[in-house]
Amino acid sequence: MLYLQIEIKRDVTYAPDLTLDEYRPKIDKLKGLLIIIHGGGWFRGNKAKDEDISTWLAQQGYLVVTPNYHLTPEGYYPQPLVDMDHLYQQVKKYAPKLPVAVIGSSVGGNMAVEMGIKYQIPAVSLSGILDIEVWLNNHQDVVPKQDQKQKFTTGASSTINQSGKDDSFYKWFILNYLHDPKLAKEATPYYRVQGKTGPMLLINSLDEFVPVSGIFELSKRLGQYQTPVEISLLPGTHHAKGYLDQVKPNILYFLTRYLKLGSDEDDM
């Protein structure tokens, strides 16, 4: 397959202390605009971690923006979601005629789903953190522990959290993000499905450290409101970008199906 040439603009300001990277294919007519949200447990990571997926999608003909957002301890819940609100408003001003979709990995999947619900745009979640309140209630005996073995700062995203279940770490970074455990229900995205929302593609491995229970509950609630939802459950323990190559065709098909241009004009 012949990939398009792209131009990259780094560190474009979208909020007073936040920047994004823009990946623009060198074509006259763009397929749409994609927001790519990195993972990292809400406590580490940055936009550079997703240069691989952002480059790949730009080479398919999409304008891609990949933002930084506030991490703990500067950005406890709901600050990262507030950051994405600022980003979305800037994107719509910048490219008002381009249809928008959002893709996120791990905690980025959580934020992608939240944006899909709030702004009724197509959303792709790779191992999104979707089950928070119920999972915490069902795992009260688990002792939260930060994982000290993995190279969170220097390791590639595709090599992190690939070894299967780790309830202690899962509980640690959720509680760290919430800061106040009483916010668990408020921070659980599927409770916000109350009507029309964007179509969703939800992907998870069956034996990874992110539970599939969140996918099942979210898809049930989306179905109640007749919202299209596609689920892909993969064998093994791979997490998020660890299985990206396997699901690239799924992502492209989903975007082709649900991301439609509103007019024949290219406003970019």
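## Ground rules

Residues are counted from 1 along each chain as its sequence is written. Since the model is predicted, local features need pLDDT of at least 70, side-chain atom pairs count only at pLDDT 80 or more, and totals for chains, interfaces and linings use all residues, while side-chain values use heavy atoms, leaving out hydrogens and water.

## The sheet

Start with the open sheet: 8 strands in the order β1-β2-β4-β3-β5-β6-β7-β8, with mixed pairing. At the edges sit β1 (6-15) and β8 (229-234), each pairing on one side only. From one strand to the next, the twist averages 15°. Strands here are DSSP E runs of at least two residues and helices are H or I runs of at least four, both numbered from the N terminus; two strands pair if DSSP finds at least two bridges between them.

On the β1 side, β1 and β2 (residues 18-25) run antiparallel and share 7 bridges. Lys9 is opposite Glu22 of β2.

β5 (100-105) is well tucked away, with 6 of its 6 residues buried (buried is under 20% relative accessible area, exposed over 50%, partly exposed in between, using a 1.4 Å probe and protein chains only). Both faces are covered: Val100, Val102 and Gly104 point to one side, and Ala101, Ile103 and Ser105 to the other.

β3 and β5 run parallel, joined by 5 bridges, and Ile35 has Val102 in β5 as its bridge partner. β5 and β6 are parallel too, with 4 bridges; here Gly104 stands opposite Ser125 in β6.

## Helices on the sheet

Helix α1 (residues 51-58) lies across β1, β2, β3 (33-37), β4 (63-67) and β5, at about 35° to β2. Helix α3 (residues 107-119) also packs on the sheet, where it touches β3, β5, β6 (123-126) and β7 (200-205), and its direction makes about 155° with that of β5. Contact means heavy atoms within 4.5 Å; axes are lines fitted to C-alpha atoms (for helices, over the stretch in contact), and angles run from 0 to 180 degrees between N-to-C directions.

## The cavity

A search of the whole structure turns up 1 cavity of 30 Å³ or more. The largest cavity holds about 160 Å³ of space. A cavity is a set of points, on a 1 Å grid over the protein atoms alone, where a 1.4 Å probe fits but cannot get out; lining residues have an atom within 4 Å of a point. Points are joined across faces, edges and corners, and the volume is the space filled by probe spheres set on them.

Its lining has 19 residues, with Gly39, Gly40, Arg44, Ser106 and His239 nearest the centre. They split into 7 nonpolar, 8 polar and 4 charged (nonpolar: Ala, Val, Leu, Ile, Met, Phe, Trp, Tyr, Cys and Pro; charged: Asp, Glu, Lys and Arg; polar: the others, Gly among them).

Most residues other than glycine have a negative phi, and most peptide bonds are trans. Ser106, in the loop between β5 and α3, has a positive phi near 60° and is buried at 7% relative accessible area. Ser127 has a positive phi of about 55° and is buried at 0%.

There are cis peptide bonds as well: one joins Thr72 and Pro73, with omega about 10°, and one joins Tyr77 and Pro78, with omega about 5°.

How values were computed:
On a 1 Å grid over the protein atoms alone, a cavity is a set of points where a 1.4 Å probe fits but cannot get out, and a pocket is an open set with protein on both sides within 12 Å along at least five of seven lines; lining residues have an atom within 4 Å of a point.
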